[in-house]
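Subject: Structure for you, with notes on pockets and cavities

Hello,

Here is the structure I said I would pass on. My notes follow below it.

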Amino acid sequence: MTEQRITSRKNPLLQQVKKLLSSKKAREEAGVFAADGTKLLEEAVKYYSGLDTVILSDGVEAEVPGHVRIIRVPGDVMESISPMQSPQGALFLCRFPEEKNFVPVPGMLLLDGIQDPGNLGTILRTADALDIPVGLLEGCADPYSHKVVRASMGAVFRRDVLRSDWQTVKAACTSAGISIGVTALSPRAKDLRQSDLKNMAVVIGSEGQGVRKEILDNADAELIIPMNPHCESLNAAVAATIVMWQMKQ
């Protein structure tokens, strides 16, 4: 295994890394995403076949497969490209996984417009822990942004991240005989403890607007998480966790 040393902050590779960290468009055009941190790098080495390049600060060591390119940089250069205030000394690039067609299964979670990277990453992490399939509908944060990857604690390396549009998902669920439930605050909503969630696909809506009207109007069931009347709603990641836990019952 050979290492390349880079000392210039203006090096084209390091400039590309900064673009990949900040721009979804840059990631999509390159077919590559960037992540940071030694723990996440360990997860990528264990579970992700698309690991391509590892950038390490002087003094930081990592065990990576022989085909992976290693770049060594001074600490101040790492600080200039890392999105972390206190960099751990490891940045790495991964190729996007092959896009897979959306195939619904009973007991899966659908996310509609989850825009906060922390929420999305937390949901993916919890879904990985509970072995719940997840599909991302329109308006969700980029699952391959470094913030989502970090919040997911590497779940994006271990599980497929399915993305599709509502019309495709609705048609696929109908064809497969899988009913769609939506979390909603409405008089029609049924206590989710009284519903067979393990045989449904359940939609969690965006942090600010909830589930889109188009989805509400075409869902098979409306579900509510029982809570104190004075509480209007829950954080999206918390609501998703409750739904997923109930799916496992």
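Predicted model: local features only at pLDDT ≥ 70, side-chain atom pairs only at ≥ 80, totals over all residues.

The largest pocket has a volume of about 470 Å³. Its lining is made up of 22 residues, and Thr183, Leu185, Gly210, Ser233 and Leu234 are the ones nearest the centre. By class, the lining of the largest pocket has 12 nonpolar, 8 polar and 2 charged residues.

The second largest pocket comes to about 290 Å³. It is lined by 19 residues, with Pro97, Glu98, Tyr144, Arg159 and Asp160 closest to its centre. At least two lining residues come from each of α7 (155-158) and β8 (162-163), and α7 has the largest share, with 3. This lining divides into 9 nonpolar, 2 polar and 8 charged residues.

Cavities. There are 2 cavities of 30 Å³ or more. The largest cavity holds about 90 Å³ of space. α5 (117-130) gives the most to its lining, 3 residues, and α7 supplies at least two. Among the residues that line the largest cavity are Leu124, Ile132, Val156, Arg159 and Asp160. The lining has 7 nonpolar and 3 charged residues, and no polar ones.

The second largest cavity has a volume of about 30 Å³. Its lining includes Asp36, Met78, Met84 and Pro87, and the classes are 4 nonpolar, 4 polar and 1 charged.

Regards

Methods: Residues numbered from 1 in each chain as written. Heavy atoms only, no water. 1 Å grid on protein atoms, 1.4 Å probe; cavity = no way out; pocket = protein on both sides within 12 Å on 5 of 7 lines; lining within 4 Å. Points joined across faces, edges and corners; volume = space filled by probe spheres on them. Nonpolar A, V, L, I, M, F, W, Y, C, P; charged D, E, K, R; others polar. Helix = DSSP H or I, 4+ residues; strand = E, 2+ residues; numbered from the N terminus.
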